[in-house]
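Keep the sequence and the 3D view at hand while reading.

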Amino acid sequence: MTRCLLCEQQLERRPTWQGLLGIQKKQHLCEICSNSFQRADIIEEGNLLDSVHSLYEYNEAMREFFHQYKFLQDVALADVFAGELRSVLKEKIAVVPIPMHPDKRIERTFAHVEELLRSAVVPFLLLLEKTSTEVMGEKTREERLAMKPLFILQKHAVIEPITYTIVDDIYTTGTTLNQAAFVLKEAGAKRVEAVTLIRA
Ligand SMILES: [Zn+2]
């Protein structure tokens, strides 16, 4: 018996030809929960960060989803957007998740962005290292600008003149993504794109 990952309502299973052929996409949510997320596909372009593709709007359902996923540590929820992330990322040659500081990882028990990619079966490269545990959202613009770099390259990381795609859960001010793009470009990346689940 399969239940909706969010509301635990039992999922209806209607026999379909896709099911018979074994090519049906695995359902993780009931129709009501699934419809509560607002797909947006916002694409923004820039210089340092060449483009950002955000898949969803940050609405109430998304806020609740992330609360349950990140803070209540319900790692099973990584499956909810696996199909969507996979279809956007499967052709990318070098996917780089925004890393979590090691102390934060212990506190949260898992790295939420990496877990989203694992669920989506998207291979990724750990090229960046987070330098501090500070949270961007709690800072003013001035404080953000005065900060030391958020990321450094991982020891032994080799950056090639190719396109890298950085992945994060949420795109808010762009500080995090821009700093990550800066490190990769300075090390020789030709182009840096980003994919985020949400645009706040
Ligand atoms: Zn549901």
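Rings of Phe, Tyr and Trp (its six-membered ring) are said to pair if their centres lie within 6.5 Å; planes under 30 degrees apart count as stacked, over 60 as edge-to-face, and the rest as tilted. The model is predicted, so local features need pLDDT of at least 70 and side-chain atom pairs count only at pLDDT 80 or more, while totals for chains, interfaces and linings use all residues. Residues are numbered from 1 along each chain as its sequence is written, and side-chain values use heavy atoms, with hydrogens and water left out.

**Aromatic rings**

The ring rule gives nine aromatic pairs.

| Pair | Distance between centres | Angle between planes | Type |
|---|---|---|---|
| F65 and F66 | 5.1 Å | 85° | edge-to-face |
| F65 and F81 | 5.0 Å | 80° | edge-to-face |

Helices (H or I, at least four residues) and strands (E, at least two) are DSSP runs, numbered from the N terminus.

Are these phenylalanines buried or exposed? Buried means under 20% relative accessible area, exposed over 50%, and partly exposed in between (1.4 Å probe, protein chains only). F65 has 1% relative accessibility, so F65 counts as buried. F66, at 6%, also counts as buried, and F81 is buried as well.

Ring pairs join F37, Y56, F65, F66, Y69, F81 and F110 into a cluster. One of these rings, that of Y56, has the charged end of R39 over it, 5.6 Å from its centre. A charge sits over a ring if NZ of Lys or CZ of Arg is within 6 Å of the ring centre and within 35 degrees of the ring normal. The charged end of R199 likewise sits over the ring of Y171, 3.8 Å from its centre.

**The sheet and its helices**

The chain has eight helices and seven strands. Five strands form an open sheet with mixed pairing, in the order β1-β2-β7-β6-β3. At the edges stand β1 (39-45) and β3 (95-97), each with a single partner strand, so one side of each has no neighbour in the sheet. Two strands pair if DSSP finds at least two bridges between them. Between β1 and β2 (residues 51-57), which run antiparallel, there are five bridges. In β2, V52 is the bridge partner of E44.

Helix α3 packs on the sheet and touches β2, β6 (163-171) and β7 (191-199); its direction makes about 100° with that of β7. Helix α8 (residues 175-186) lies across β2, β6 and β7, at about 165° to β6. Axes are lines fitted to C-alpha atoms, for helices over the stretch in contact, and angles run from 0 to 180 degrees between N-to-C directions.

L6 lies in the segment before α1 (17-21). At 22% relative accessibility, L6 counts as partly exposed. Contact means heavy atoms within 4.5 Å. Leaving aside neighbours within four places in sequence, L6 is in contact with L29, C33, F37, F65, Q68 and L77. L6 and C33 are 27 residues apart in sequence, yet 7.0 Å apart in space, C-alpha to C-alpha.

**The whole chain**

Of the 200 residues in the chain, 42% are buried. The C-alpha trace spans about 55 × 35 × 30 Å along its principal axes.
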